[in-house]
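Have the coordinates open as you read. The text goes from one chain's fold to a chain pairing, then to model confidence.

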Amino acid sequence: MRKERSLWSDAFNRIVKDKISLISLIIVVIYTLIALLVSMGVIASDWQEIVGPEYAPPSAEYWLGTDFLGRDVLRKTLYGTKVAMSVGLFTCMIAIPVGIFLGSIAGYFGGIIDEIVVWFYTTFSSIPGIILLISISFVLGKGLTAVYIALGATSWVHLCRLVRGEVIKHKNRDYVQAVTAIGGGHWKKLFVHILPNIFHIVIINASLLFQVAIKSEVILSYLGIGVQAVPSWGKMIDDARSELNNDVWWQLFGATIAMFFIVLAFNILGDALRDALDPKLKGKES
Amino acid sequence: MQIFQYSLRRLLYLIPVMLGVSFLVFFLFNVVAGDPTPLLLGKNASAAQVAELREQLGLNKSFLAQYLDIVKSAFTFDFGRSWATQQQISDIISQRAWPSLTLTLPAFLISSILSILISLVVSFYRGKGLDISIRVLCIALMSISSLVYIIIGQKFLAAEWELFEISGYEEGFPYFVPYIILPVIIWVVLSLGPDIRFFRTVILDEVYQDYVRTARAKGLSEKVIFLRHVLRNAMVPMITYFVIQLPFLIMGSLLLENYFDIPGLGSEVVRAANSNDFPVLKAFSILFSVAYIVFNLITDILYAVVDPRIKLQ
Amino acid sequence: MKKFFMPLVLSMFMITTSCTKSDSAKVKADGSLEKVLNIVVGAKVKGFDPNQASDRYSGNEVARIYEGLLQFHYLKRPYELVPNLAESMPEVSSDGLTYTFKIKKGVMFHDNACFPNGKGRELTAEDFVYSIKRMADPREQSKGWWLIDGKIKGLNAWKEKSGKADKTDYSEKLEGIQAIDKYTLKFVLSKPFPQFLYSLAMPFTYAVPKEAVQKYGKEFINNPVGTGPFITGKYTQANKIVYTKNPNYRDEFYPTQGAPGDKERGLLKDAGKKIPLVDKLVVKIMTEEQTRWLNFKKGKLDSMSIPTEEFANVMIPGKGLSDSFKKQGIVERKVVGLDVTYNAFNHEHELFKNNKKLRQAMSSAFDRDSYNKKFYQGVSLAAQSVVPPNIAGHIMNFKGPYQNFNVEQAKKLLSEAGFPDGNGLPEITLHYTYSTKSRQMAEVFQQNMSKIGIKIKPTGVTWPELVKLVNTKQTMMFSMAWGADYPDAENFLQLLYSKNSAPGANGSNYSNPEFDKMFEKAAIMSDSPERTALYEKMYKFAAEEVPWVIGFHRVTYGLIHGWVENSKSIEFDHGMAKYKNINMAKKADLLKKL
């Protein structure tokens, strides 16, 4: 166990030392803070207010200009940050436990349980994701909750596969055998001993999952099955298609830039975490 | 012989998976959602008409019977008619698959070749400036929503600078060519990021294998090692990666087809989704699953053939 | 015929197009150039079964092939019914229940494999009996059944009986619709229905040959066989439908009379000539407005409605069409739609039930002017009540008391309703059919209401979902538009008749005994000054009652290339391509200027 702990602190040190990774981490923290502040109603709760003329370009007064109604694009972007972060977070919160649970029991117990889980995720991944998303939104109605569940339901498969594979590798390792020798039960072995050792896979996967979810929100909003009644980056980009013809670029700009940094940050963090945590790859990248 | 048994075993595995897919499709479209009356009868249908229609469509059948209907369609490919357009679904699919392929096939070929070439170069110069800048570029490219590429591409390359057609489609070669150039370019740009990253990892996985060290120790030049050994071994995961993508090509590209008014299967999915045309969505789910599973099977068998390290259990 | 709430506004306008430069005009056998009219539609065409022609696009395609007893006069306004397959207008009995038609002799169906030897046979009165019965056939599931439901004697009973039988029996004689002889057709209605004749001009009631339905079965929708001026082959869902002139078309002529001013506009140049005037129709399906616009500018399209985003460049405020378009011979055309848009309240929801003040408050808080500017370039008409202009029942210059944007009044009404500053009001869900534009429209409404403290939650759904929500009364508010099925105020006023509540046309479930009484009285009256007076009374009544937040009567502008002749905007466009003409010399000339 001690060895693993040093892996984590080592990873943390590596990320902090690497300037780009550190900046990425800071970006994630800032976005999280913005999302929290918006949730608490401290900022951007007045996004609906008309602050100026329609389609005012960015200026000292309106940093990101105004939209077709004269609403502040900056406020909409900030509100969209909350929506995006919550989509990422809840997708992870649904997909990760499901993926870990099914993947680990399949890998650990093998046999019929494994067969069932593999059958289950093969089935799930055979249906095109977009049709799954559409049909889930039909079932659950429209809105954020439906988006969380739909994205969560379509994104656990990859993690499940990975976890299953890792658990299979680990279950015969010495340290697990040692626990068996001292009489540890299955669940103890699985959750107390094996899982912490493969948790880095989860972390790496989560950072990728998070940004994929943010990107998916945009597509869902374009298809009209996304967030309702509140601003989101997806809706802003959707608006932009007609706006660009009148040279109104700031809504597209605001949403794209806001999205760019957070997705980039998660991408870099994902890479950095993999470099730092995945011993198999150590030394390859640099 | 072993390979034959293995293939047969995998082929039989199709059955439980198709049963599962049918069940999921049934659950989503028959049990929970699915009222065709607004579509089939128009807005002013009377209650009596609704009841008649449900009877005719078999919506009053038991769930088991409805489920078996779906299972049957998975094997016969007889999906009935669209609720929205009254057309035979098999006709819809055969008419729309072609426009999709005219877009996705060239796009897929170009992006695959380009990404393999680039990833070979960057992994050859791994750790150098070129490698790092291309890696950064890939991540940056991937951090922008695909919608943004489409919007910007259409606005500037097509509308503003008039380099390409804005949107539309003409049937038959070579009439469709001008319409697919821009979508193809956007597709290529969109897939370069993830493709290069993946191939680079695959190639580097091989570079650090023992046999490469041995080869190097033998004094073979880096170029020879790269082209003769590394590439050959990296081909397996690469081919897998390609074969797995094939079913997606038939499905077309939802966003590109929709934005560029290309009458393929992707835009048909959007149309079906926007009009709750469940039989079409069901048919697509099932067809795609079959394709997906079959191509998966092919890759697995390919793997087994090319790479004897895989145990044929 | 309810439609999407606004997303398709501009594309609803039919677009006529012409040859491209690349496929230059063909020379016919007699040495003249082949006249091709290329028509463009903005949405998928569902096929060619009159029974399924519930949307305007499919209806228009059906009407190129099939014909009905009656049609609207192409030029005269207000709209006037004239015979088409009927020899003359019918004899109507004094009780208004019996209609006797004489049918034209020698009308032949198109040659088709469904007939013996492939030769089209003559149309008879029996074909109408068959076609009307087919609308009631439970195995056909006609989308037009509502039109004649409960109105033709014996038909409902026959429908019910057929539903129980294993097979529909078309041979049974019905009192309500009979072929007296080969060319005489008699309808007997079960109750007076003054709008009945209008329904005979709608594609649902057009004549189909039994042989084709029997031969093609479910594929009848793709194998059109009619009597109309144009012929096409099997429909393949492609992006293009090509029609050729029916060589055996009977002698029909271009009208010799028009509305005032038509002569000056050159619309009577072809008066008395045999129709159709063009050799070929090419209907192209282009769902993207940008695609259509580009094709129009290249001269590949004769006409289209001006795209929203281009409006400011095309129509110069106060000056009309911009010079660059004028120079190319392009002319503009204003199209005033017979429609009304609205955000309806669900009157069965306790919040809106009997809370007139709340409804009035919301209507007063809706800023129609800026909405008009944002979404309709300021050219649409803010509706004052439910009936659109140009039909009897609409009152010119009438101002609805709550149709004016007035935040003070809205606030006052809101507090009188018991919700000062919106306190105590729950969040109100507004369902709308999703599109980018309709989302923005809903956002404007949301924003307007927030100004008086009302929280709106716009929720975009698909059209079938919206219909389902409305039909099962699960909405609080919903966005909708109604386009006229026929030019009679009854078609709009019925939207508020309590017996039409969901799942009927009155999706808002508005119910008011006083209104019902007036409606029931007017519904059986023939066109007369008394009926118009009653319509106007109901018009004012609705304005006071605010059953919905009434929006707009939409106005669009179309552009037409100079070479199209005889082009007049008509709300009921079914089959009117037969009157259009192309000036080939002018076309060759103008194409050079593009």
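In chain C, 71% of the contacts with a separation of 6 or more join residues 24 or more positions apart. Two residues are in contact if their C-beta atoms, placed from the backbone, lie within 7 Å. This is a predicted model: local features need pLDDT of at least 70, side-chain atom pairs count only at pLDDT 80 or more, and totals for chains, interfaces and linings use all residues. Residues are numbered from 1 along each chain as its sequence is written, and chains are lettered from A and ligands numbered from 1 in the order in which they are written.

Chain C has 18 helices and 26 strands. These are DSSP runs, numbered from the N terminus: helices are H or I, at least four residues, and strands are E, at least two. The radius of gyration of chain C is 25 Å, close to the 25 Å from the globule rule for 594 residues, so chain C is as compact as a globular protein of that length. That radius is taken over C-alpha atoms; the rule is 2.2 Å times the number of residues to the power 0.38. The C-alpha trace of chain C spans about 75 × 65 × 40 Å along its principal axes.

Now the pairing of chains A and B. 31 residues of chain A are in contact with 35 residues of chain B. On the chain A side, α10(A) gives the largest share, eight residues.

Confidence in chain B is lowest in helix α2 (residues 37-41) of chain B, at a mean of 68, and highest in helix α5 (residues 89-124) of chain B, at 92. Where pLDDT is low, predicted coordinates should not be read in detail.

Terms used. pLDDT is the predictor's confidence in each residue, from 0 to 100.
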